[in-house]
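Have the model open while you read.

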Amino acid sequence: MNIDAVELRRVAIPLVTPFRTSFGTQTARDVLLVRVITDRAEGWAECGALSHPVYSSEYTDGAEHLIADELLPRLFAAGDRLNADLVAQLLEPVRGHRMAKSAVETAVLDAQLKAAGVPLGSHLGATATHVVSGVSVSIYDEVPQLLDAVSGYLESGYRRIKLKIEPGWDLEPVAAVRDRFGSGLLLQVDANSAYTRADARHLARLDEFGLLMIEQPLDEEDVAGHAELARVVRTPICLDESVVSARSAYEAIRTGACAIINIKPGRVGGYLEARRVHDLCTAAGIPVWVGGMLETGIGRAANLALGGLPGFTLPSDISASDRYFAQDLTEPIRMVDGRIEIPTAPGIGGAPIPDVLEQLTVSRQVVKP
Ligand code: OSB
Ligand code: MG
């Protein structure tokens with residue numbers, strides 16, 4: 001496969017409602033799209049980075065710059081030897097920046113699979129046809145607003161609720177949701193590293209609410225702290241930010257830092273590494289689920305393919321397009337009976353609608369070999 005050009009496009013899409021987490025409030029999604037034009041087919045991907053480096057160290061402007069100046073020259077150097085399996089190796093000299101690398105690899109993979117007529121799910125080894133849909137719920141100012149939001153999501157059919165928490169918004173909202181919706185509700189929390197080891201006793205008070213898991217309570221680098229916490233708290237600990245590769249997943253599991261892992265392909269450097277994380281977790285008996293980065297239909301389609309692998313036994317954070325966007329970039333992703341169908345079209349199975357893309361585009365640059 002030979003690359004003719006790569007287009008980097010910035011798109012701004014308003015969110016239907018603000019999304020607040022312990023690291024800040026998002027009101028719009030500022031997305032970087034990568035389009036790879038090859039001699040055989042065209043590939044698309046979405047970079048998971050947010051506008052500011054507050055979830056992880058990556059951010060959209062930085063990712064765009066890095067892809068244009070550091071990653072693409074290394075990709076172009078492969079000439080017509082290029083294929084998706086070679087991308088990680090070509091980009092290996094660049095440290096970190098996994099979301100940026102993932103976007104580049106995924107766009108190449110999309111082009112390659114389209115040329116071969118193979119859907120991403122089949123390529124990765126998906127065995128399911130649908131993914132169970134859960135929803136990640138914003139922090140609110142008041143508990144009644146939260147209960148209204150959760151009630152709406154449950155009416156839409158979401159099968160699992162994840163509450164974002166932070167110090168000052170944890171026991172009370174969790175107790176209120178449990179009380180209102182009952183013990184049958186699949187409920188979990190995500191702290192986005194807002195606590196410290198000193199909060200262990202406080203976090204143990206969540207145990208009485210029968211949560212599926214506590215996601216990333218401590219700093220991303222405090223893997224040993226999570227292992228310590230796991231000895232004090234009965235609720236299973238799930239890692240998100242701390243797991244950036246199959247190697248870090250292995251270390252976290254081996255040291256008892258987590259019982260569950262949230263896999264986000266961008267965070268671990270791409271779908272191929274995400275599959276390795278899945279394989280390793282499955283071998284170790286660690287259940288996994290697909291996380292999210294407020295993706296448009298492009299990233300969401302690819303995430304669905306990953307979620308079809310057999311180790312993904314817990315409900316995903318992959319919601320329908322309308323959970324975040326009145327107008328998605330792609331044909332809307334729909335949830336039926338709390339599940340979303342895995343795309344069957346060749347490639348990642350999601351491409352932007354040209355008119356919508358033009359309307360929402362903020363800037364565009366073309367990089368050529
Ligand atoms: O920690 O899982 C997270 C969104 C942005 C950044 C980090 C996270 C999230 C979510 C929402 O929880 C996931 C989604 O619905 O895409
Ligand atoms: Mg998380």
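Predicted model: local features only at pLDDT ≥ 70, side-chain atom pairs only at ≥ 80, totals over all residues.

Residues are numbered from 1 along each chain as its sequence is written, chains are lettered from A and ligands numbered from 1 in the order written, and side-chain values use heavy atoms, leaving out hydrogens and water.

**Domains and their interface**

- The chain is assigned domain 1 (3-117 + 353-367) and domain 2 (122-341), with bounds that come from an automatic or database domain assignment.
- Taken over C-alpha atoms, the centres of domain 1 and domain 2 are 23 Å apart.
- The contact (heavy atoms within 4.5 Å) involves 36 residues of domain 1 and 43 residues of domain 2.
- Between them the domains bury about 3,200 Å², with carbon and sulfur atoms giving 64%; buried area is the accessible area (1.4 Å probe) that two parts lose on being put together, summed over both.
- On the domain 1 side, Phe-19, Arg-20 and Tyr-55 lose the most area to domain 2, together 22% of what that side buries.
- The rule finds two salt bridges across this interface.

**Largest pocket**

- The largest pocket has a volume of about 380 Å³. A pocket is an open set of points on a 1 Å grid over the protein atoms alone, where a 1.4 Å probe fits, with protein on both sides within 12 Å along at least five of seven lines; lining residues have an atom within 4 Å of a point.
- It has 16 lining residues, and those closest to its centre are Ala-88, Glu-92, Arg-98, Lys-101 and Val-268.
- Domain 1 and domain 2 each supply at least three residues of this lining.
- α2 (84-91), α3 (98-116) and α10 (271-284) each give at least two, and α2 gives the most, with four. Helices are DSSP runs (H or I, at least four residues) and strands likewise (E, at least two).

**Second largest pocket**

- The second largest pocket holds about 310 Å³ of space.
- Of its 19 lining residues, Glu-331, Pro-332, Ile-333, Arg-334 and Glu-341 lie nearest its centre.
- α11 (297-307) and β12 (339-341) are the elements giving two or more residues to this lining.

Notes:
Points joined across faces, edges and corners; volume = space filled by probe spheres on them. Salt bridge = Lys/Arg side-chain N within 4 Å of Asp/Glu carboxyl O.
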